[in-house]
Amino acid sequence: MERSSTKPTEHLRQLVLASSSPRRRELVASLGLSLPVLILSSDADESTPSDWTPPRIVEQLGLRKARATAAMLAPEDAASSLVVGADTVVVLDGEVLGKPRDRADAIGMLSRLQGRAHAVYTGVACVDARTGRERIAHRRTEVVMKPLDAGLIERYVDSGEPMDKAGSYGIQGRAAVLVERIDGDYFNVVGLPLSLLADMLSEFGIRVI
Ligand SMILES: Cc1cn([C@H]2C[C@H](O)[C@@H](COP(=O)(O)OP(=O)(O)OP(=O)(O)O)O2)c(=O)[nH]c1=O
């Protein structure tokens with residue numbers, strides 16, 4: 001018998017964040033969700049075809065992360081979990097900048113970003129591990145960086161902060177003082193647009209407020 005009065009998302013009693021990013025973990029924790037949050041990262045393939053646009057890259061990589069993590073869940077967790085994955089890239093002159101390979105790469109990226117505007121894209125994917133229902137979306141934030149001289153860039157890179165971050169900077173850290181202004185969601189730059197995430201969670205029956 002079909003139980004039409006039952007909400008299709010009532011089984012979702014746990015959120016799984018498919019991420020090893022401490023920033024994403026802290027941002028999700030800051031929401032103070034009433035349901036438990038499990039952190040579980042996977043080794044999703046992060047290579048993408050060269051003709052993909054930035055929105056497609058971040059949405060599909062977020063989806064790969066969420067799907068790969070959903071596939072790792074034990075059956076009892078899968079039955080009650082909404083899995084969230086995200087991906088962030090910096091885009092300058094149409095070129096996608098991910099995390100720096102090494103010190104020289106970080107210095108090169110910041111030398112190109114300084115004194116100019118660039119875009120940060122973060123894709124978010126939600127996967128209901130029980131039903132397989134999926135949603136993907138992204139946000140774009142424009143960031144204008146102050147003009148920076150070579151000495152400042154080297155000192156910043158030597159602080160170690162850039163090495164695990166797309167575009168080689170962390171706006172939530174010391175790079176706060178390197179940024180002139182932004183247009184768009186700040187949390188999108190840090191790696192998880194909370195306002196977008198809240199809208200997506202509500203589609204799955206999970207209320208933030
Ligand atoms: C631009 C910018 C990026 N970042 C970070 C957010 C992401 O952690 C990282 C981009 O890399 P991602 O590949 O999106 O994420 P990740 O590998 O760190 O974590 P996950 O396990 O979720 O895949 O750059 C900042 O922390 N601050 C910033 O200002």
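## Basis of the model

Two strands pair if DSSP finds at least two bridges between them. The structure is a predicted model, in which local features need pLDDT of at least 70 and side-chain atom pairs count only at pLDDT 80 or more, while totals for chains, interfaces and linings use all residues. Residues are numbered from 1 along each chain as its sequence is written.

## Overall architecture

The chain contains seven helices and seven strands; helices (H or I, at least four residues) and strands (E, at least two) are DSSP runs numbered from the N terminus. Read from the N terminus, the order of elements is β-α-β-α-α-β-β-α-β-β-α-β-α-α. The radius of gyration, taken over C-alpha atoms, is 18 Å, close to the 17 Å given by the globule rule for 209 residues (2.2 Å times the number of residues to the power 0.38), so the chain is as compact as a globular protein of that length.

Along the principal axes, the C-alpha atoms of the chain fill a box of roughly 70 × 35 × 25 Å. Of the 209 residues, 35% are buried, that is, have 20 or more other C-beta atoms, placed from the backbone, within 10 Å of their own. Among contacts (C-beta atoms within 7 Å) between residues at least 6 apart in sequence, 70% join residues at least 24 apart.

## Strand β1 and its partners

Strand β1 spans residues 14-17 and pairs with β3 in the parallel sense, over four bridges.

Together, β1, α1 and β2 form a right-handed β-α-β unit: with the strands pointing away from the viewer, the path from the first strand over the helix to the second runs clockwise.

## Strand β3 and its antiparallel neighbours

Besides its parallel pairing with β1, β3 pairs in the antiparallel sense with β5 (residues 117-128), over ten bridges. Within that pairing, Val 84 lies opposite Cys 126 of β5. Strand β3 is mostly covered, with eleven of its twelve residues buried.

A further antiparallel pairing joins β3 to β4 (residues 95-97) over three bridges. Leu 92 has Glu 95 of β4 as its bridge partner. The hairpin of β3 and β4 has two residues between the strands, and Asp 93 in this hairpin takes a positive phi near 50°.

## Surroundings of the ligand

Around the ligand there are 24 residues, of which Ser 19, Ser 20, Ser 21, Ile 171 and Gly 191 come nearest; a residue is counted if its C-beta atom lies within 6 Å. The elements giving two or more residues to this shell are α1 (22-30), β3 (81-92) and α6 (186-190). The largest share comes from β3, which supplies four residues.

## Pro 22

Pro 22 lies in helix α1. Pro 22 is exposed (12 or fewer other C-beta atoms within 10 Å), because 11 such atoms are found within that distance. In sequence, Pro 22 and Ala 176 are 154 residues apart, and their C-alpha atoms are 18 Å apart in space.

Key:
Two residues are in contact if their C-beta atoms, placed from the backbone, lie within 7 Å.
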